[in-house]
Amino acid sequence: MSLLAAPLERVIAELGKLPSVGRKTAQRLAFHLLQAPADEVRDLAQALLDLKDRIKVCEECFNYAEEERCPVCQDARRDRSVICVVEEAVNLVSFERTGSYRGLYHVLGGALSPLRDIGPGDIRAQELLDRAGREELTEVILATNPNVEGEATAVYLARMLQPTGVKVSRLAQGLPAGGDLEFTDDLTLQRAFEGRREY
Ligand SMILES: [Zn+2]
């Protein structure tokens with residue numbers, strides 16, 4: 001039998017399911033919450049519920065949004081002739097942080113991986129092709145991760161986009177090979193952007 005009260009044990013178990021949260025951290029967080037003011041805990045619980053109830057996927061770029069279109073797609077000052085293709089919405093946050101990109105995005109929702117049985121139908125490749133045919137594009141920047149799966153995805157998408165005639169470019173080398181864009185620092189990311197090369 002556990003030494004801890006069942007509700008406390010349950011919170012520890014739930015927190016422990018989060019990425020990079022081990023048993024010890026989960027325990028520390030649960031005790032912290034137990035001692036925090038009730039309002040604060042209620043606000044946290046509500047924020048978590050809102051995350052699932054109120055967040056949708058942008059109709060245009062598949063970024064997370066509270067309305068039909070995300071804040072980037074709604075922004076009239078963005079350059080609508082350029083699309084930066086990323087694997088996950090979290091990557092978009094990294095590019096926005098650099099502040100140097102003013103175009104739109106396309107969130108694939110993953111990368112091709114024969115090992116994990118993820119094919120073109122499992123990522124938003126067709127949706128990208130549809131956008132390329134619909135919008136007045138001058139460039140598509142492939143900003144998938146600099147690892148095996150990200151490279152394979154970039155090659156696939158470049159071939160897929162070839163018949164559309166739109167310029168397709170890939171982020172410059174210099175990004176840590178095998179890495180993840182989510183953990184790349186802003187300056188490296190900005191340089192990779194500026195030094196992108198055409199396919
Ligand atoms: Zn959007």
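This is a guided tour of a predicted model, one selection at a time.

**Stop 1**

Start with the whole protein chain.

**Stop 2: the zinc site**

Select the zinc ion next. Which residues coordinate the zinc ion? Show the side chains of Cys-58, Cys-61, Cys-70 and Cys-73: each gives its SG atom, at 2.3 to 2.4 Å. Look at the angles between the four donor atoms. They run from 102 to 117°, so the arrangement is tetrahedral. Along the chain, the donors follow the spacing C-x2-C-x8-C-x2-C.

Cys-61 sits in the loop between strand E1 (56-57) and strand E2 (64-65). Cys-73 belongs to helix H4 (residues 71-74), 12 residues from Cys-61. Both Cys-61 and Cys-73 are buried.

**Stop 3: the largest nonpolar core**

Move on to the largest nonpolar core, which has 42 residues. Select Cys-84, Val-85, Phe-95, Leu-142, Leu-157 and Leu-171. These touch the most other members of the core. In soluble globular proteins, nonpolar side chains tend to be buried together.

A second, separate core has six residues. Pick out Leu-8, Ile-12, Leu-15 and Val-21, which are among them.

**Stop 4: Leu-157**

Is Leu-157 buried or exposed? Its relative accessibility is 0%, so Leu-157 counts as buried. Leu-157 lies in helix H7 (residues 148-161). Show its contacts beyond four places in sequence: Val-85, Leu-108, Ala-125, Leu-128 and Leu-142.

**Stop 5: strands E3 and E4**

From Val-85, step to the strand pair. E3 and E4 run parallel, and five bridges join them. Val-85 has His-106 in E4 as its bridge partner. Five of its five residues are buried, so E4 is largely enclosed by the rest of the structure.

**Stop 6: helix H5**

Go to Phe-95, one of the core residues with the most contacts to other members. Leave out residues within four places in sequence. Phe-95 then contacts Cys-84, Val-86, Tyr-105, Ala-143, Leu-171, Leu-181, Leu-189 and Phe-193.

Asn-91 is in helix H5. At 3% relative accessibility, Asn-91 counts as buried, because the cut-off is under 20%. What does Asn-91 touch, not counting residues up to four places away in sequence? Select Val-86, Asn-145, Asp-180, Leu-181 and Glu-182 to see these partners of Asn-91.

**Stop 7: Arg-23**

Finish at Arg-23, in helix H2 (residues 23-35). With 46% relative accessibility, Arg-23 counts as partly exposed. Beyond four places in sequence, Arg-23 contacts Leu-4, Glu-9 and Ile-12. Ile-12 is also one of the residues of the second core. Lastly, draw a C-alpha to C-alpha distance from Arg-23 to Arg-197. The two are 45 Å apart in space and 174 residues apart in sequence.

Definitions and conventions
Residues numbered from 1 in each chain as written. Predicted model: local features only at pLDDT ≥ 70, side-chain atom pairs only at ≥ 80, totals over all residues. Heavy atoms only, no water. Helix = DSSP H or I, 4+ residues; strand = E, 2+ residues; numbered from the N terminus. Buried < 20%, exposed > 50% of the residue type's maximum accessible area, 1.4 Å probe, protein only. Contact = heavy atoms within 4.5 Å. Donors = N, O, S within 2.8 Å, 3.2 Å for Na, K, Ca; no water. Tetrahedral: all angles 85-135°; square planar, octahedral: opposite > 155°, others 65-115°. Core = buried A, V, L, I, M, F, W, Y, C linked by side-chain atoms within 4.5 Å. Pairing = 2+ DSSP bridges.
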